[in-house]
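Biologist: Please put the model up, and I will ask about it piece by piece.

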Amino acid sequence: MHKSGFFQEAMGAQAAYVLSHPGAFALRVLKGFRANQGLLLAGAVAYYALLSIVPLLILIVIALSHVIDPAALLEALGRYIGWLAPGQSDFIVGELANFLAHREVMGWLLLATMLFFSSLAFTVLENAMSVVFLHRVAIRRRHFLVSAVLPYCYILCLGLGLLLVTLVSGSLQALGEKSLEFLGFSWSLSGFSGLLLYLLGLAGEVFLLTSLYMVMPVGRLSLRHALIGGVTAALLWELTRHVLLWYFATLSQVGVVYGSLTTAIVVLLSLEIAATLLLLGAQVISEYERIGTAAQDAPARPMRTDQAG
């Protein structure tokens with residue numbers, strides 16, 4: 001008994017509860033996600049993300065093309081677009097390259113329009129997070145000016161992050177072209193370079209998700225809690241992404257059904273699944289926070305709209 005109490009105190013009551021009751025905690029997360037209409041919220045986030053992703057990428061590419069070779073930038077961008085929209089990166093990168101080749105058509109009106117649409121997904125995501133973290137919203141609300149400026153600050157941070165990732169991935173690709181020679185034997189470093197590129201992408205994915213959980217919910221979220229949600233969502237998405245790649249490559253008949261709309265449908269489906277896992281990671285954090293509080297054992301209350309008369 002003494003050892004159990006010492007162990008619980010050392011690792012934290014919340015972590016000890018999750019490790020000793022993983023099934024019960026997972027069930028609570030799923031019940032809370034269902035009560036919060038998680039799939040409906042994910043659909044809204046995915047729809048606005050579909051509207052936002054192209055203007056957002058155009059803005060980032062045009063800005064970074066002044067400091068990075070456009071071909072290297074598009075190559076790196078295509079690699080990481082493939083993480084978000086499996087199997088569709090070539091089409092999206094092609095459209096970005098076409099716009100980049102004719103960027104002189106960019107006017108102030110078009111720039112303002114793209115800035116507006118590129119921020120829509122962040123606004124809707126913030127509202128979805130406020131539903132998941134309702135216990136935080138009830139205590140403290142965010143000033144509307146902060147919510148208005150937040151998407152544009154995040155877009156700037158995404159651009160800087162892509163700049164750093166592009167520079168690092170270019171160095172890793174150059175490393176893959178070399179070989180290691182020892183005692184007359186030669187080993188290519190391409191496999192090692194590929195592994196490092198994958199780990200870089202995975203680390204960037206965890207960092208991006210963790211930063212979203214740090215910024216989007218109202219109030220101050222601890223880094224440890226945000227990292228729990230980020231790792232959970234990233235691992236679930238990695239598993240799902242590989243399943244989607246296999247499905248689209250072997251079994252999918254979506255091209256026969258939707259024809260020229262195939263790319264939009266596939267991207268929307270990928271964004272829907274990604275948004276679902278993103279909000280599920282937020283639900284994990286929300287339930288984790290409530291462990292040990294009076295709300296821990298309270299049943300999940302379904303989100304309902306008031307009925308008229």
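Biologist: How many helices and how many strands does the protein have?

Modeller: The chain has 309 residues, and buried residues make up 41% of them. Its secondary structure comes to 13 helices and two strands.

Biologist: Among contacts between residues at least 6 apart in sequence, what percentage join residues at least 24 apart?

Modeller: The count takes in contacts in the protein between residues at least 6 apart in sequence. The share of these that join residues at least 24 apart is 78%.

Biologist: How many contacts does the stretch of residues 6-11 have beyond near neighbours in sequence?

Modeller: The pLDDT is below 50 over residues 6-11. Where pLDDT is low, the predicted coordinates should not be read in detail. With that caveat, the number of contacts for this stretch in the model, beyond near neighbours in sequence, is four.

Biologist: Are α11 and α13 roughly parallel or roughly antiparallel?

Modeller: Helix α11 (residues 223-250) and helix α13 (residues 262-289) have axes 9 Å apart and pack at an angle of about 150°. The cut-off is 145 degrees, and angles over it count as roughly antiparallel. α11 is therefore, relative to α13, roughly antiparallel.

Biologist: How do the residues of the contact of α11 with α13 divide into nonpolar, polar and charged?

Modeller: α11 passes α13 in a right-handed crossing. From α11 the contact includes Ile228, Leu236, Trp237 and Phe248, and from α13 it includes Leu269, Ile273, Leu277 and Ile285. The contact of α11 with α13 divides into 16 nonpolar, six polar and two charged residues.

Biologist: What is the orientation of α3 to α13?

Modeller: The axes of α3 and α13 come within 9 Å and cross at roughly 120°. Roughly perpendicular covers 65 to 115 degrees and roughly antiparallel needs over 145, so an angle between those ranges falls in the remaining class. The orientation of α3 to α13 is therefore oblique.

Biologist: Which residues of α13 make the contact with α3?

Modeller: The crossing of α3 and α13 is right-handed. On the α3 side the contact is made by Phe25, Arg28, Val29, Leu30, Gly32 and Phe33. On the α13 side it is made by Thr276, Leu279, Leu280, Gln283, Val284, Glu287 and Tyr288.

Biologist: How many polar and how many charged residues are in the contact of α4 with α6?

Modeller: α4 and helix α6 (residues 89-101) pack at an angle of about 50°, with axes 10 Å apart, which makes α4 oblique to α6. Val54, Leu57, Ile58, Val61 and Ile62 in α4 meet Ile92, Leu96, Phe99 and Leu100 in α6. These residues comprise nine nonpolar, no polar and no charged.

Biologist: Is leucine 57 buried or exposed?

Modeller: Leucine 57 sits in helix α4 (residues 38-64). Leaving aside neighbours within four places in sequence, leucine 57 is in contact with Leu77, Ile81, Ile92 and Leu96. Its relative accessibility is 11%, and the cut-off is 20%. Leucine 57 therefore counts as buried.

Biologist: What is the phi of glutamine 37?

Modeller: Glutamine 37 lies in the loop between α3 and α4, and is partly exposed with a relative accessible area of 34%. Most residues other than glycine have a negative phi. Glutamine 37 instead has a positive value, near 55°.

Biologist: What separates the C-alpha atoms of valine 67 and leucine 163?

Modeller: Valine 67 is in the loop between α4 and α5, and counts as exposed at 62% relative accessibility. Valine 67 and leucine 163 are 96 residues apart along the chain. The separation of their C-alpha atoms is 8.8 Å.

Conventions: Residues are numbered from 1 along each chain as its sequence is written. This is a predicted model: local features need pLDDT of at least 70, side-chain atom pairs count only at pLDDT 80 or more; totals for chains, interfaces and linings use all residues. Side-chain values use heavy atoms; hydrogens and water are left out. Helices (H or I, at least four residues) and strands (E, at least two) are DSSP runs, numbered from the N terminus. Buried means under 20% relative accessible area, exposed over 50%, partly exposed in between (1.4 Å probe, protein chains only). Contact means heavy atoms within 4.5 Å. pLDDT is the predictor's confidence in each residue, from 0 to 100. Axes are lines fitted to C-alpha atoms, for helices over the stretch in contact, and angles run from 0 to 180 degrees between N-to-C directions. Angles under 35 degrees count as roughly parallel, over 145 as roughly antiparallel, 65 to 115 as roughly perpendicular and the rest as oblique. A crossing is left-handed if the near helix is turned anticlockwise from the far one by less than a right angle, and right-handed if clockwise. Ala, Val, Leu, Ile, Met, Phe, Trp, Tyr, Cys and Pro count as nonpolar, Asp, Glu, Lys and Arg as charged, and the others, Gly among them, as polar.
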